[in-house]
Amino acid sequence: MLLRTVLVTGSLTCVLSTGAALAESSPISALTIATVGNRDMVRMQQLSEGFTAANPDIELQWVALDENTLRQHVTTDIATAGGRFDIVTIGTYEAAIWAERGWLLPLDDLPASYQVDDLLPTVREALSFQGQLYAAPFYAESAFTLYREDLFAEAGLSMVESPSWEFIARAAAALHDPDEHYGICLRGKPGWGENMALLTAMANAYGGRWFDMQWVPQLATAAWRDALDQYLSLLWKYGPPNPEQLGFNDNLALFQQGKCAIWVDATVAASAVTNPRESMVADRVGFALAPQQGLGKRANWLWAWALAIPSSSTSSDAAKRFIAWATSADFQRQVAEDEGWAQVPPGTRRSLYDNPHYQAAAPYSDMVLESLTAADPGNPTVDPVPYRGIQYVAIAAFPGIATAVGNRFAKALAGEITVDEALENAQWVTQKVAEQARFADQ
Amino acid sequence: MASSGFNPHQPLERIDDEQLPVSPHKQHGARHFLGLYAAEHVAATEFVIGATFVGLGAGIWDILIGLIIGNTLAVLSFTLITAPIAVGTRLSLFAYLERIAGNVMAKLYNGANVVIFSAISAAMITVSATAVRVLFDVPPQVAPYPTDVAFVLIAFAVGAIVVLVAAFGFNALSEFASICAPWLMVMFTAGGMVLIPALAESVTGFTTLTSVSDFIAIASASVFTGVNAEGEPGIGLWEVIGFAWAANTFAHFGLIDMALLRYARKVRYGLATCTGMMFGHYVAWISAGLMGAATAATMKLSIMVVDPGDVAFYALGLSGFVIVVVAGWTTANSNLYRAGLAAQALMPEVKRWKVTMLVGLGVMGASCFPFVYRSMLPLLTYAGLILVPVGGIAFAEYQLFPRLGMTSYWASFKGLADNRPAIASWLLSLAFGVGLNVLDIMPFYYLFLPTWCVSILIYVVLARRAGACEAYPEQQRALEDFHQRVAERHERKAAEKHRQRIEDKTWLSKGIVVIWCGVGLIVPAVLAWRVMFDSPDLYEYYVNRELFYDVTIWCTLVYFTFAYWGLQRRKRFKRGGVAAHTPEAAG
């Protein structure tokens, strides 16, 4: 009888104490976030302590990768429903295509405080599918021209508001002084989001397009040849050494060190090059619109890095809470408090551009807003095209094609193949993919 | 009482060699069986079965693990069930059945073989026709029945060639088929390798895989998805194991492969079947699944209706056309030849070529219907179910009767023309197996196990009641005398053979081997390797793939030219036709 009493009492004690322990510790959601390792995303990571302090039931694990690696890892994981990531950093290209495939969860129940209507319409539309937002923009960008006002002045040049590529070439020639600085810096690193973003935007300005209305590839055309010739000529004559190895981050670092007189790239770079804590030329930078060629299109673009939740995530509620925090106006205010208004992730919210503090801290803000709102992914080229997207073609096959074409153009830049070869190769590989798609359709 | 089919007092000269135990000098070592099984199990059927697993919705891990387990069970079945009886009796199952069960049982068995081998042959003719269809721009046949007259004509044309060759020129084709195996192995593997970057690109936009786990992830997302063609959860581990094990039940549990393993010097050479099981039924099935899925993705069709012609053409270019025609044709021919032989045993008075033509007509008709080849995996499984009871009866007779104090060959000793317990056991076991299938008590690919056990049980019980427990000392002595006479005859034959043996050590022959091996096999393998591992983007991939296509077709021509030349030289040496006096022999 004594033994029985001891056993029952012991069992009850065990059960009760286990229950108490379980009740004390609320479940922890561990979110794995895949992000691109650029300065704005790194800042988000640094400020995320504020989020975890306010949300003790959520732990954050970061996977920060360079742009090309991030794309391969995230795409593989999300396409195979790997479930490795709870939040992924994607762009405007992926959002609609992945949403259509059911790979992303809709962001349809963001809190009212998120003010979804404050998002810039072009950016919001670019991240939506069938009117439903699938990725929340962290920052958005177009492209424009960054230049060194001091060097222009020394050379007796003055930048026009809307330069042509010929003007850029003449200016680069005049400013090139390889011992001190290079005449121009442009993306040369291969990748559909690296050199091909710039080259596609350039080709648009030169009257080029990827496909005609019958989906026949148009890379072996005079427009693409002129654009590629200009690009190669600029980098060979006035660019930094080994330009085929330099992507956005590399050129940003060069510009911040005063090594580039002109740089045509993303508008998001503006805050970085004007930040005296990071840039040696912060007070000497001027901005102009992206170069054009007199055909009505500029070499600008529309892009947003945005946060989305893969359908395979098992912590979607916690993921939504994080996304609502990281892409909110409150987060922008937090950045402004810590780093100043100029460092706020740009391009996503109308309220930011209406904010007098921001306007004062970021004199380029009007130009950025103009570039962003003028970007028209539905009408990206001089001649009509059957696709959407400015610096990309919003079709599933594009990353494969553009990665291949980007590699060929990078080889041309490195002098390994001729311009003709690069264009023939580009036309051939795009034709192969198009034929395959036609074959499948038939 | 009528006499049985086997008479031990018969003069040996009057007995067909096929009915006698294999002579020791005709027996082979393990290497022979390693090659033989690799060749036997890399055929056009693999294209179909690989795609079937994809269509049935097997998951990647179920495939990777299930096929290993199922094929290991198959190897063990060959080793522990087939090989001991084959090596112990040195007879084919047909000859053994004649001795233990008499003529009627043998005829029934042959009748079943006619149906099964005809169906396999028809399926393989259709497979070949799908490749020819691509050349003539005839639309894919996605329905179970033919939807284009041109396809019917193509199937009939291919079928006619198969039937004529099976009837009149089988030996020549059989020789040709014997040199196909190494090439088929390389091409099957190459086909999968060539399409993996395309599969990866279709999923991720990148042609490269950064790790094995990437391959697993992409294969599970695009090939072995765990979802079947109807979009429902697919087959699991147990089903994959069952299919892999059951795909050759007619050969191991059904003992058909006694015909091959009777030549094995040792029982353990049954383990040599692992080359067929682990390459043909593992690498080739998975590779065929990859090829099928990539082709289906490209054509935007269900893998269940993408035909092998498209798959091979897409994966291997013109060489793919050759692989499907060659693999389909050789498989169709050997099976039609077997069907013809089995049919002739039912009609011994009609010449073999006439019987083969007759069976061939039916086969040609069936070959017009794509559903026959698409049902290959269930067809093989059900074929196994039909023949497994016969294997059970032979197993009981050989392995259990001595252990149970019963007499092997009792029906023959007793002078029975028909071993009715054996016939009854077969029919009852079949009824049992079919009954289980109808009641849907268990998956059909595992039905062979209870059916085999039941056949053994019934046969032991019925044979015991019919006289298997009795002793037949006089007949035993006659049988021993017969075996003694057979042994003496074998010794004489072996001595004659030994005198004729000439080794081919000429430089020309060695050069021929180097060329077909190097140009025909190694070059395509290296090119395929390059496509898979050195294609960092789509441009490089297409360039490498085009190079593979363009070069491999010439390698294929070189391979068959030189391999066939080498084969003919070996034959002439064996016959002593190329004497050691020829100039190249001196080198």
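The model is predicted; local features need pLDDT of at least 70, side-chain atom pairs count only at pLDDT 80 or more, and totals for chains, interfaces and linings use all residues. Residues are numbered from 1 along each chain as its sequence is written, while chains are lettered from A and ligands numbered from 1 in the order in which they are written.

Chain A holds 18 helices and 10 strands. Helices (H or I, at least four residues) and strands (E, at least two) are DSSP runs, numbered from the N terminus. The radius of gyration of chain A is 25 Å, close to the 22 Å that the globule rule gives for 442 residues, so chain A is as compact as a globular protein of that length. This radius is taken over C-alpha atoms, and the globule rule is 2.2 Å times the number of residues to the power 0.38. Along the principal axes, the C-alpha atoms of chain A fill a box of roughly 100 × 60 × 40 Å. Of its 442 residues, 51% count as buried. A residue is buried if 20 or more other C-beta atoms lie within 10 Å of its own, exposed if 12 or fewer, and partly exposed in between, with C-beta atoms placed from the backbone. Among contacts in chain A with a separation of 6 or more, 74% join residues 24 or more positions apart. Two residues are in contact if their C-beta atoms, placed from the backbone, lie within 7 Å.

Chain B has 23 helices and 0 strands. For its 587 residues, a compact globule would have a radius of gyration near 25 Å; chain B has 25 Å, which agrees. The C-alpha trace of chain B spans about 80 × 70 × 45 Å along its principal axes. Buried residues make up 54% of the 587 in chain B. Of the contacts in chain B with a separation of 6 or more, 85% are between residues 24 or more positions apart.

Strand pairing in chain A takes both senses. Two strands pair if DSSP finds at least two bridges between them. Strand β1 (residues 29–36) of chain A runs parallel to strand β2 (residues 58–65) of chain A, over 8 bridges. Within this pair, A:A34 has A:V63 of β2(A) as its bridge partner. The chain passes from β1(A) through helix α2 (residues 39–54) of chain A to β2(A) in a right-handed β-α-β crossover. Right-handed here means that, with the strands pointing away from the viewer, the path from the first strand over the helix to the second runs clockwise. β1(A) also pairs in the parallel sense with strand β3 (residues 87–90) of chain A, over 2 bridges. There, A:I33 is bridged to A:I87 in β3(A).

An open sheet of 3 strands in chain A has the order β8-β7-β9 and antiparallel pairing. Its edge strands are β8 (262–266) and β9 (285–289) of chain A, each pairing on one side only. Strand β7 (residues 143–148) of chain A pairs with β9(A) in the antiparallel sense over 5 bridges. A:R148 has A:V285 in β9(A) as its bridge partner.

Helix α12 (residues 316–326) of chain A is largely enclosed by the rest of the structure, because 9 of its 11 residues are buried. Among these buried residues are A:K320, A:R321, A:F322 and A:W325. A:A412 lies in helix α17 (residues 398–413) of chain A. A:A412 is buried, with 22 other C-beta atoms within 10 Å. Not counting residues up to four places away in sequence, A:A412 touches A:L232, A:I417, A:T418, A:V419 and A:A422.

Two residues other than glycine have positive phi. A:W215 has a phi of about 60°. A:W215 sits in the loop between α8 (195–205) and α9 (222–238) of chain A. With 17 C-beta neighbours inside 10 Å, A:W215 counts as partly exposed. Phi of B:R90 is near 60°. B:R90 is in the loop between α3 (60–89) and α4 (93–135) of chain B. B:R90 is buried, with 24 other C-beta atoms within 10 Å.

At the interface, 19 residues of chain B are in contact with 20 residues of chain A. On the chain B side, α7 (180–204), α8 (212–222), α11 (274–299) and α22 (538–575) each supply at least two residues. α8(B) gives the most, with 5 residues. By class, this side of chain B has 10 nonpolar, 5 polar and 4 charged residues. Ala, Val, Leu, Ile, Met, Phe, Trp, Tyr, Cys and Pro count as nonpolar, Asp, Glu, Lys and Arg as charged, and the others, Gly among them, as polar.
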